[in-house]
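Let's take a friendly walk through this model, one region at a time. Keep the sequence and the 3D view open as you read.

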Amino acid sequence: MKRSSINYAIDKALAVSESFRLCLPDFAYFTAAIWRQKPLDEWQEVLDLQLGWDITDFGGGNFADTGLTLLTLRNGALHNAQYPKPYAEKMLQIQQEQHTPWHFHNYKMEDIINRGGGDLCMQLAWSTEDKQLDHHRAIEITVDGRRRSIRPTEILVLKPGQGICLPRRLYHRFWAEKSFVLGWEISMVNDDWQDNHFLEAGERYSIVVENEPIKWLLCNEYQRLAI
């Protein structure tokens with residue numbers, strides 16, 4: 001993924017947040033230049049837990065079609081008493097017709113919420129023992145506390161204001177229709193290095209082509225501050 005696309009995506013995400021009158025934490029506005037002026041010991045939790053911007057094309061090289069813009073606002077760390085927080089929170093920004101690929105989480109249970117914009121469309125399926133899609137097992141889920149039963153891979157539409165609870169090992173994929181979607185994730189502790197399983201091989205964090213200077217550091221790039 002090109003650095004220019006990452007810089008543009010974060011510029012756009014901040015503009016969208018402003019249009020929704022969202023107030024974000026200070027670190028969301030730190031450019032790479034500002035980060036280098038900060039006393040890093042004061043911001044160790046942000047660095048250690050990878051709070052901040054996460055722009056990914058999942059290794060596919062086509063961000064407009066398969067990609068996601070995320071901002072991790074808070075998180076904990078499994079098996080680390082220094083960060084005992086048992087929950088995480090993320091802002092998701094999904095462009096119209098932009099898809100997130102099939103995946104599930106071994107540990108994390110999460111709520112995905114449509115905060116505004118267009119329709120957030122989803123498909124769900126349980127994982128088989130060999131981590132394929134189970135096309136036979138019915139899915140019982142709750143949308144805003146209402147119990148729903150749907151068929152595997154049936155399209156579920158979340159209108160603005162609606163949210164779904166996704167249990168562990170439930171495959172899901174989602175995309176935006178009619179317009180951009182401002183999404184939100186409230187979950188158990190998030191571990192993007194070990195807890196994700198994708199149906200098709202890909203990369204959770206994109207390989208970056210440095211075609212212009214870094215304006216915004218991604219959450220997996222904070223090690224650059226030590227250089």
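## Loop residues with positive phi

T153 sits in the loop that links β7 (146-150) to β8 (155-158); helices (H or I, at least four residues) and strands (E, at least two) are DSSP runs, numbered from the N terminus. The phi of T153 is near 65 degrees, a positive value although the residue is not glycine. For background, most residues other than glycine have a negative phi. T153 counts as partly exposed because its relative accessibility is 24%; buried means under 20% relative accessible area, exposed over 50%, and partly exposed in between, using a 1.4 Å probe and protein chains only.

E97 belongs to the loop between β3 and β4. Its phi is near 65 degrees, again positive in a residue other than glycine. With 39% relative accessibility, E97 is partly exposed.

## How to read the values

This is a predicted model, in which local features need pLDDT of at least 70 and side-chain atom pairs count only at pLDDT 80 or more, while totals for chains, interfaces and linings use all residues. Residues are numbered from 1 along each chain as its sequence is written, and side-chain values use heavy atoms, with hydrogens and water left out.

## Helix α1 and its cover

Helix α1 covers residues 3-19, and its 17 residues should span 24 Å at 1.5 Å a residue; the end C-alpha atoms are 24 Å apart, so the two values agree. The expected span is 1.5 Å times one less than the number of residues.

Which residues of α1 are buried? They are R3, I6, N7, A9, I10, A13, L14, V16 and S17. The cover over these buried residues includes β1 (52-56), β2, β3 and β10, where contact means heavy atoms within 4.5 Å.

E210 is in the segment after β11. With a relative accessible area of 41%, E210 is partly exposed. R3, one of the buried residues of α1, is 207 residues away from E210 in sequence, yet their C-alpha atoms are 5.2 Å apart in space. Setting aside neighbours within four places in sequence, E210 is in contact with R3 and R224.

β2 is mostly covered, with six of its seven residues buried. β3 has seven of its eight residues buried, so the rest of the structure largely encloses it.

Five bridges join β1 to β2 in an antiparallel arrangement; two strands pair if DSSP finds at least two bridges between them. In that pairing, D54 has L70 of β2 as its bridge partner. L70 in turn has L92 of β3 as a bridge partner. β2 and β3 are antiparallel over five bridges, and R74 is partnered by E89 of β3. β3 also pairs with β10, antiparallel over eight bridges, and K90 stands opposite E185 in β10. As a general point, side chains in a regular strand alternate between the two faces of the sheet.

On a 1 Å grid over the protein atoms alone, a cavity is a set of points where a 1.4 Å probe fits but cannot get out, and lining residues have an atom within 4 Å of a point. Grid points are joined across faces, edges and corners, and a volume is the space filled by probe spheres set on the points.

The largest cavity has a volume of about 160 Å³. Its lining has 18 residues, and L68, L70, H103, H105 and E185 lie nearest its centre. Two or more lining residues come from each of β2 (68-74), β3 (87-94), β4 (99-105), β5 (110-126), β10 (170-188) and β11 (196-198). By class, this lining has seven nonpolar, five polar and six charged residues; Ala, Val, Leu, Ile, Met, Phe, Trp, Tyr, Cys and Pro count as nonpolar, Asp, Glu, Lys and Arg as charged, and the others, Gly among them, as polar. The second largest cavity holds about 40 Å³ and is lined by F27, F30, W35, G52, W53, W216, L217 and Y222. Seven of these lining residues are nonpolar, one is polar and none is charged.

Note on methods:
On a 1 Å grid over the protein atoms alone, a cavity is a set of points where a 1.4 Å probe fits but cannot get out, and a pocket is an open set with protein on both sides within 12 Å along at least five of seven lines; lining residues have an atom within 4 Å of a point.
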